[in-house]
Amino acid sequence: MARLHEYQGKQLLTGHGIAVPRGRAVSTPDEAAAVAREIAAPVVVKIQAWTTNRKALGGVAFASTPDEAAAHARRMLGMTVGNFPVTQVLVEEALPIKDELFVSLFIDDRARRPAMLLSLTGGSGIEERAREGGRDGTVHRLTCDVMTGPDDAEVRATLARSKISRDDHAAIAAAVRAVFAAARTNEARSVEINPLVTTTEGRVIAADCRMTIDDYAVFRHTNLGIDIARELDHPPTALERIAYAVEQDDHRGTFYFAQLNTHAAPGSKGLIGFHGAGGGGSMMSMDAITNEGFTIANFTDTSGNPSAAKVYRAARIILCQPGLVGYFGSGSGVASQEQYWSAYGLAKAFWEVNMPIPAVIRLGGNSEDRAVAILQAACRALPAKVEGYKKDDPPRAIAQRFSQLVAQASRLRLPDQMARRVPPYVGAPHGFSFAIKGGTVWVDAGHWNRAAAELVAKHSRGLIKDTDGSPALAVSPEEAGGKDSELIACEVECRRAGKDLVFVDLDIPGLEDAVRLGQSDGKGAR
């Protein structure tokens, strides 16, 4: 589910007639002071972060003056929530609250229909009270028609049994209907207002809002500005946006990337890049490596028979996270995908950064023997050790081996110091090259001879041939354009044979900019 910030959800509520406090989201202390000055009354300042218990974290504070609002904003904008920085705060009028209620809409997957909860007291633990059957009489489950929402008579009857002034019942019932309308219009999976308040001035106002949008509906709602149609616990970072774009552009297999930590935990052995394959196996492998005392920088999954190009891009993105001391890859031990494609992608990525940190990769599944042989042979000349393992090697054992390699590495360099390297013939004015989907293939025409031609023809699966002593395409440009994985295999196999003859220069839009601007540490929040 794609999450929205509080201020974004409130904007959608107002479009359906639900009143919200005066105010707006800001990103600097001066802007916070300006909003407080415009409101000309006490305000509340709230961090915009995808977390619960903001008040307990120090993320909610009241201010009587613009200067106080600016001071709170200054402190909050320096906070880190879930290892990611707070980049916005919401400054709103403080409300004279009389009653607090809780209203939420969610999709009941078992019943295959929307449902709503209405609590007449607000507060916390409402979902738990509802699961217990609402025995205290304050939590009510409302049945919903898929098209029309909650039954008005049921809502009115519920309110009639409460201590809330009858003068407010009509406005509260209208707000309940409007929550359903907002959810249906925007294809939300959930909408929660906690609290929906009545004020001493006789108003009914949504004092807070949490909303999630169905991942599969995001493309129909470009106005919402959702960058990534996935549930994250933080606004998407620059690297997460880049990874999501890779996934959307290449549907061969799956690629999921989420950043978890930007710094090693106190007492940790260090921050590591994690690369899994398959959900259950990846979870087990994450447990194994954290039990060894490492902090995981990211969760990545490439599964479902991904292309070598996709695995390569995943590895490059992982390695752009600063401060890594190692790279740990382990997922399912019974994967049906051909593991050698992943080995080719990883080997290419590791060569390009001249891998200075140790890597342990478990390539369990089809063709695992071939995959491990490719990976280890292709990475033998790199500064750090890269070791491959198979399905019979348990995650706990390879995690222990990884720990040994990290401890033995004497001169670790941080990933943000890993300059990408390319062969000298790339970009040469008289070199031979041709376009493929998402990049360009370069062939070393300066060292082209009969032996080189035979080697390239063999490993390119007949895509590149010799014509009058020069490299040339053996197929149409259109056919070659879709063969990125085969050409990556050719590049790696030629290098394994001691001949750097082919280089596949793949685009990863935005990656170099993200690293240069220092946004890979979570500063790229929307």
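Which element gives the most to the lining of the largest cavity? It is H10, with three residues.

Before the details, some ground rules. This is a predicted model, where local features need pLDDT of at least 70 and side-chain atom pairs count only at pLDDT 80 or more, while totals for chains, interfaces and linings use all residues. Residues are numbered from 1 along each chain as its sequence is written, and side-chain values use heavy atoms, with hydrogens and water left out. Helices (H or I, at least four residues) and strands (E, at least two) are DSSP runs, numbered from the N terminus.

Now the cavities. On a 1 Å grid over the protein atoms alone, a cavity is a set of points where a 1.4 Å probe fits but cannot get out; a pocket is an open set with protein on both sides within 12 Å along at least five of seven lines; lining residues have an atom within 4 Å of a point. Grid points are joined across faces, edges and corners, and a volume is the space filled by probe spheres set on the points.

There are four cavities of 30 Å³ or more. By class, the lining of the largest cavity has six nonpolar, eleven polar and one charged residues. Here Ala, Val, Leu, Ile, Met, Phe, Trp, Tyr, Cys and Pro count as nonpolar, Asp, Glu, Lys and Arg as charged, and the others, Gly among them, as polar.

H10 also packs against helix H15 (residues 484-496), at an angle of about 60 degrees with the axes 9 Å apart. Axes are lines fitted to C-alpha atoms, for helices over the stretch in contact, and angles run from 0 to 180 degrees between N-to-C directions. H10 and H15 are therefore oblique to each other; angles under 35 degrees count as roughly parallel, over 145 as roughly antiparallel, 65 to 115 as roughly perpendicular and the rest as oblique. In contact (heavy atoms within 4.5 Å), the H10 residues include Trp-341, Tyr-344 and Trp-351, and those of H15 include Ile-488, Ala-489 and Val-492. The classes in this contact are seven nonpolar, one polar and five charged.

Last, the second largest pocket holds about 350 Å³ of space. It is lined by 16 residues, with Asp-215, Val-218, Ala-229, Tyr-244 and Gln-248 closest to its centre. Its lining divides into seven nonpolar, five polar and four charged residues.
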